Amino acid sequence: MSDFDPRTTPWQIDESEFYEVEGHNAQLAFLLRYAVLAPSSHNAQPWSFAICDEGIAVRADYTRRLPLADPRDRELLMSVGASIANLRVAAAHFGYETTVMYQAREEEDLPVATVAFRETCSPAPELARLFPAITARRTNRQPFEPRTIEDPALSALCDFMDEHGKTLHFVVTHDRERIAALIEEGDRTLMADPAFRTEFARWIRPNVSSATDGICGDAFGIPGPISALGPWLMRQIDIGPAQARHDRALAQGAAGMIVVTAEDDRTSLIRAGESLERLLLMLTSLGISYSFLNQPVEVGALRGELWAMLRSPHPPQLLLRIGYAVRPVAKAMPRRPAESVVAR
Ligand SMILES: Cc1cc2nc3c(=O)[nH]c(=O)nc-3n(C[C@H](O)[C@H](O)[C@H](O)COP(=O)(O)O)c2cc1C
């Protein structure tokens, strides 16, 4: 596939092709083109799929784990959950009702879940309406405009947050400064560890590259000519203090912050990832941007402090800021083609 550009081709899906593919299994394979557009930690895309008698078996690909950034595979499992959310949203758009059967046993070689599909005249509207956002969603790490969320969008977002009240929580204004300080401390702690930086460096890609995974330099504002040096710089220099100041300012200037909470077992994390992606698609539909500031969750001691601030019986898993982007993300991050993650 010489004309395959991992930063554009996977994102340009001609949805009318769905009606041209022949047979149920081919249609399910088509839906996977949307599943692989889900966000994932370091854009590692730690998933694989198999079309089976029941529907689609979803596996976590533990060969893509991040032992330093994500030693308990929490982000890995939420990433897989995000791909399930995209699968269900696309299925609803094309007229399917979906049921997810979660695998309670935690052996790594078992699928984490199986998604069953049934054709219906009334697919779930709360899923189907998120469909256009799948290809439009981008993580935007740039500063946001200094303004609050507009009223109609805020009210739609609040309704959505209420529906997912066990998993998604707004950070109250009162806690914002303390959380910004935790983010700052998290950056300093994580980046001071050369092993953490080396792992991160392995997933940084030049802006122009044939890589189908990882994060390109432009996602962090690194211009083309020096983006190829990104991994080397990350390994050599402790950017912690500078990153800490930058991220603290992002947190302080955000229109809002949202925490994802869930228990640490596999099914809870998969489900949290589904809620996360539905939130990101909802934000995208409302014209609101977001990025992750998970540092306090990734440092054990800080995670406890963050949890103590929340009114949730479940521990924090992710921390996001939201707001209106000054600049849209110019180019999507790469993806592996769906065919390459479907087991034969
Ligand atoms: C579970 C999870 C954790 C993530 N953690 C971070 C993070 O800590 N910092 C960050 O900048 N991006 C984080 N991301 C965003 C990914 O880096 C991003 O989804 C990926 O690079 C693909 O880019 P896209 O979201 O624009 O498609 C996370 C995404 C997921 C799903």
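Tutor: Start with helix α5 (residues 151-163), which gives the most to a patch of negative charge, with 3 residues. This is a predicted model: local features need pLDDT of at least 70, side-chain atom pairs count only at pLDDT 80 or more, and totals for chains, interfaces and linings use all residues. Residues are numbered from 1 along each chain as its sequence is written, and side-chain values use heavy atoms, leaving out hydrogens and water.

Student: Which residues gather in the negative patch on the surface?

Tutor: A patch takes residues with over 30% relative accessible area and no salt bridge, like charges being joined within 9 Å. Here E126, D159, D162 and E163 gather on the surface.

Student: Is E163 buried or exposed?

Tutor: Buried means under 20% relative accessible area, exposed over 50%, and partly exposed in between (1.4 Å probe, protein chains only). E163 has 55%, so it counts as exposed.

Student: And how many salt bridges are there?

Tutor: A salt bridge is a side-chain nitrogen of Lys or Arg within 4 Å of a carboxyl oxygen of Asp or Glu. That rule gives 19. One of them joins E277 to R137, with the closest N and O atoms 3.7 Å apart. That pair links distant parts of the chain, 140 residues apart: E277 sits in helix α11 (residues 266-285), R137 in the loop between α4 (131-136) and α5. E277 is buried at 0%, and R137 is buried at 2%.

Conventions:
Patches are made of residues with over 30% relative accessible area and no salt bridge: like charges are joined within 9 Å, nonpolar side chains (Val, Leu, Ile, Met, Phe, Trp, Tyr) within 5 Å. Accessible areas come from the Shrake-Rupley method with a 1.4 Å probe; for residues, only the protein chains shown count as cover. Lys and Arg count as positive and Asp and Glu as negative; His and the chain ends are not counted. The place of a charge is taken as NZ of Lys, CZ of Arg, CG of Asp or CD of Glu. Helices (H or I, at least four residues) and strands (E, at least two) are DSSP runs, numbered from the N terminus.
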